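Student: I would like a close look at one part of this model, with the cut-offs spelled out. Please take it in a single connected answer.

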Amino acid sequence: MHPSLAPHLHSECLKIIEQLHRCHEEHPVSKFLGKCNDIKRALNVCLKEEDLRKRRKNLEEARRKRKKLQEFCSDE
């Protein structure tokens, strides 16, 4: 299961999300038989990479804020 595929939540995987939606619309029955699986796998890889980038960015931001707070507290 993947997270919500709302366009405003994903900036880098939009083309793949659109391809998956298009595949599901064009193949309403065969999508259950694996017609769109290759696109789904590509989407999973893209979403995982996007998540890792967001985590790294958040970790760096947290470290920066923690350092700033420690410097502020040590000055007192």
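Student: What is the relative accessible area of Glu-61?

Tutor: The relative accessible area of Glu-61 is 32%, which makes Glu-61 partly exposed. On this scale, buried means under 20% relative accessible area, exposed means over 50%, and partly exposed lies in between, with a 1.4 Å probe and protein chains only. The model is predicted: local features need pLDDT of at least 70 and side-chain atom pairs count only at pLDDT 80 or more, while totals for chains, interfaces and linings use all residues. Residues are numbered from 1 along each chain as its sequence is written, and side-chain values use heavy atoms, with hydrogens and water left out.

Glu-61 has a salt-bridge partner, Arg-64, at 2.4 Å from N to O. A salt bridge here is a side-chain nitrogen of Lys or Arg within 4 Å of a carboxyl oxygen of Asp or Glu. The two residues are three apart in helix α2, about one helical turn. Helices are DSSP runs of H or I with at least four residues, numbered from the N terminus. Arg-64 is also partly exposed, at 45% relative accessible area.

Arg-41 and Asp-38 meet at 2.8 Å, N to O, and both lie in α2, three residues apart, about one turn of the helix. Arg-41 is partly exposed at 49%, whereas Asp-38 is exposed at 60%. Asp-51 pairs with Arg-55, the closest N and O atoms being 3.6 Å apart. These residues also lie in α2, four residues apart, about one turn. Asp-51 is partly exposed at 39%, and Arg-55 counts as exposed at 54%.

Helix α2 (37-75) also bears on α1, since α2 is included in what covers the buried residues of α1; contact means heavy atoms within 4.5 Å. Those buried residues are Ile-16, Ile-17, Leu-20 and Cys-23. Seen down the axis of α1, they fall within an arc of 125°, so they line one face of the helix. The arc is that of the directions from the helix axis to the C-beta atoms. On the other side of α1, Lys-15, Glu-25 and Glu-26 are exposed. Helix α1 itself covers residues 14-26, 13 residues, and reaches 18 Å from its first C-alpha to its last, close to the 18 Å expected at 1.5 Å a residue. The expected span is 1.5 Å times one less than the number of residues.
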